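Visitor: I have a model to look at today. Could you walk me through it?

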Amino acid sequence: MRKMLVMVAFMLMLTLSMTANAAEKKDVQTYITQGLEKAQKEDYKGAAEDYSKAISKDRNATDAYYHRAAARAELKYYDGAITDYNRVIALKPDSADAYYNRANIKLLQKYYKNAIKDFDKAIELNPKFAQAYINRGNTKFRLEDTAGALDDYAKAIAANPKSAEAYYNRGYVKMSQQDIPAAIKDFDKAIENNPKYLNAYVKRGYARLGLGEFLPAIRDFDKNIELAPNDAEAYYNRGVAKIAVNDFQGAIQDLEKLRQLLLDEKKYDEARKIENMLSEMKKQYQQ
């Protein structure tokens with residue numbers, strides 16, 4: 001009889017323990033869900049607090065550390081974010097995303113060489129991680145390793161041929177090397193992959209100006225202005241290109257728009273310079 005009572009007591013304790021564990025797991029997930037909802041509303045402080053509550057319930061809650069790291073990064077608490085990604089990596093050493101995100105935090109802290117090591121690990125774990133190649137390429141370019149940057153962008157394109165960013169960044173590097181025709185080809189591909197890629201139109205417009213391809217440059221600045229109607233520099237660039245094709249009236253209109261935008265931005269000295277340029281142009285146009 002006593003043995004039966006002991007067995008019943010043990011089974012009861014086991015049931016209570018399992019029930020408590022299930023309740024705690026439910027609490028952990030509830031806090032994580034609440035944190036995600038707050039993060040969507042850009043309440044990163046509240047989100048981080050909810051993830052911390054989840055962690056207090058389960059010290060091995062990988063998702064809670066992962067999401068708290070992202071919230072801390074948004075709050076510019078970079079050391080805390082690094083600590084959380086360290087914990088994620090300890091719990092899940094095969095997480096390419098954790099290495100990738102930790103690398104991006106290190107970039108924000110200007111620890112470029114350490115960031116590259118984390119990108120290396122992310123790529124080792126996921127050889128088709130296109131964005132890791134792109135960000136590693138950006139870091140190498142910052143460190144003046146141009147060849148390494150170009151190699152990484154090529155690998156990113158191989159991993160994801162639809163990556164507009166990889167083509168754009170490679171075009172940017174080629175433009176810095178004065179390889180303008182090759183840069184334009186990459187900007188073409190970036191725009192093909194993303195027809196609303198503003199920076200690609202801007203850089204291709206510059207490149208075409210440099211080659212004396214003024215009409216194609218004007219079309220790029222047209223698109224630039226369509227996508228960013230208050231981009232003062234775009235009106236200047238298009239105005240310059242119009243002068244080159246003797247469209248003085250069109251150039252005057254662009255420079256007048258530029259002058260107004262500068263006034264709106266309270267850049268009075270620059271607006272005055274454009275006004276003087278306009279006066280000279282109008283004199284010549286009337287002759």
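Here are some questions and answers about this chain.

Guide: Welcome! This is a predicted model, in which local features need pLDDT of at least 70, side-chain atom pairs count only at pLDDT 80 or more, and totals for chains, interfaces and linings use all residues. Residues are numbered from 1 along each chain as its sequence is written, and side-chain values use heavy atoms, with hydrogens and water left out.

Visitor: How many helices and strands are there in the protein chain?
Guide: Both are DSSP runs numbered from the N terminus, helices being H or I with at least four residues and strands E with at least two. By that count, the protein chain has zero strands and 15 helices.

Visitor: Is the protein chain compact or spread out, and what is its radius of gyration?
Guide: The radius is taken over C-alpha atoms, and the globule rule is 2.2 Å times the number of residues to the power 0.38. For 287 residues that rule gives 19 Å, and the chain is well over it, so it is more spread out than a compact globule. The C-alpha atoms fill a box of roughly 120 × 40 × 30 Å along the principal axes. The radius of gyration is 28 Å.

Visitor: What share of the residues in the protein chain is buried?
Guide: Buried means under 20% relative accessible area, exposed over 50%, and partly exposed in between, with a 1.4 Å probe and protein chains only. Of the 287 residues, the buried share is 40%.

Visitor: What is the phi of N246?
Guide: N246 sits in the loop between α13 (232-244) and α14 (248-264). At 58% relative accessibility, N246 counts as exposed. Although N246 is not a glycine, its phi is positive, about 65°.

Visitor: How far apart are the end C-alpha atoms of α14?
Guide: The expected span of a helix is 1.5 Å times one less than its number of residues. For the 17 residues of α14 that should be 24 Å, and the model agrees: the ends are 24 Å apart.

Visitor: Which residue follows α14 with a positive phi?
Guide: Within α14, the buried residues include L255, L258 and L262. After α14 comes a residue with phi near 60°, and that residue is K266.
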